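Student: I've just opened this one and I'd like to know what the labels on it really mean. Can we go through it together?

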Amino acid sequence: MDLIFTSSGIQENSAAGAVIGTLAPTDPDANSTFTYELVAGDGSNDADNSLVEIVGNEVKVKSGAVIDFETNPVLNLNIQVTDNGTPGLTYTKAVTASVLNLNEAPTDLIFTSSGIQENSAAGAV
C-alpha cells in the first residue's frame, strides 16, 4: 500500500475549507475503500496537523487555522490511510505542502526624522 499526496501548495491567509491537496492511495486489492486520519509522528513530520482537516480524500484548511508563509512556509503533515479489508491494512506517510507567499500590503509606516533647520530651502531633507 502507498499514499500519494498531490498539492500545488496553498496560498497564505487561505480561508477555512480551502483545499490544500488530495489523497490517492494505491492498494493491491481491487474495489477497496479508504479512510484517512492525521496521526502523531515524530514531532516534526506532524508539526502542522492541527492546521488542517481531512474531508473525504481532500486535505483542507481547518477552521481557525492561520496559514502564514512568513512564519511557516511548509506544512508538515503525517497521514494514515486504512483500507476496508478484514483486517484493515494501514499505511502512514509524512507529506509536505508549500505555503505560497502573497504580496501583502504594509500594515504600518514608521517615519523617523532628526528634524529640519528653520528657513531651509524647499525640497531639503
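Tutor: Buried means under 20% relative accessible area, exposed over 50%, and partly exposed in between, using a 1.4 Å probe and protein chains only. Before we use that, note that this is a predicted model, where local features need pLDDT of at least 70, side-chain atom pairs count only at pLDDT 80 or more, and totals for chains, interfaces and linings use all residues. Residues are numbered from 1 along each chain as its sequence is written, and side-chain values use heavy atoms, with hydrogens and water left out.

Student: Which residues touch the most other members of the largest nonpolar core?

Tutor: I20, V59 and L75 do, in a core of 19 residues. β1, β3, β6 (58–61), β7 and β8 each supply at least two residues of it, and β7 gives the largest share, 4 residues. Those strand names come from DSSP: strands are E runs of at least two residues, numbered from the N terminus.

Student: What is I20 in contact with, leaving aside its neighbours within four places in sequence?

Tutor: Contact means heavy atoms within 4.5 Å. With those neighbours left out, the partners of I20 include F5, I10, V52, V59, V61, L75 and A97.

Student: Why is I67 called buried?

Tutor: Its relative accessibility is 2%, and the limit is under 20%, so I67 counts as buried. I67 is found in the loop between β6 and β7. Beyond four places in sequence, its contacts include I10, E12, L51, L75 and V99. E12 is 55 residues away along the chain, yet the C-alpha atoms of I67 and E12 are separated by 5.0 Å.

Student: What makes two strands a pair?

Tutor: DSSP has to find at least two bridges between them. β1 and β3 are joined by 5 bridges, so they pair, and they run antiparallel. In β3, T26 is the bridge partner of D2, and A24 is the partner of I4.

Student: Which residues of β1 are on its covered face, and which on its uncovered one?

Tutor: L3 and F5 make up the covered face, while D2, I4 and T6 are on the uncovered one. In a regular strand the side chains alternate between the two faces of the sheet.

Student: What is the order of the sheet with mixed pairing?

Tutor: This open sheet of 4 strands runs β2-β8-β7-β4. Its edge strands are β2 and β4, and each pairs on one side only. Inside it, 9 bridges join β7 to β8, which run antiparallel, and N78 stands opposite A94 in β8.

Student: What makes N13 and N31 worth a look?

Tutor: Most residues other than glycine have a negative phi, and most peptide bonds are trans. N13 has a positive phi of about 70°, and N31 has one of about 65°. N13 lies in the loop between β2 (10–11) and β3 (19–26), while N31 lies in the loop between β3 and β4 (34–38).

Student: Is N31 buried or exposed?

Tutor: N31 is at 77%, over the 50% limit, so it is exposed. N13 is at 47%, so it falls in between and is partly exposed.

Student: And where does P87 lie?

Tutor: P87 is in the loop between β7 (74–83) and β8 (90–100). The peptide bond from T86 to P87 is cis, with omega near -5°.

Student: How do you know that S32 and D27 make a polar contact?

Tutor: A polar contact is a pair of N or O atoms within 3.5 Å; within protein, one must be able to donate a hydrogen and the other to accept it, and residues adjacent in sequence count only if both atoms are side-chain atoms. The side chains of S32 and D27 are joined by such a contact of 3.5 Å. S32's side chain also reaches the backbone oxygen of D29 at 3.2 Å.

Terms used. Core = buried A, V, L, I, M, F, W, Y, C linked by side-chain atoms within 4.5 Å.
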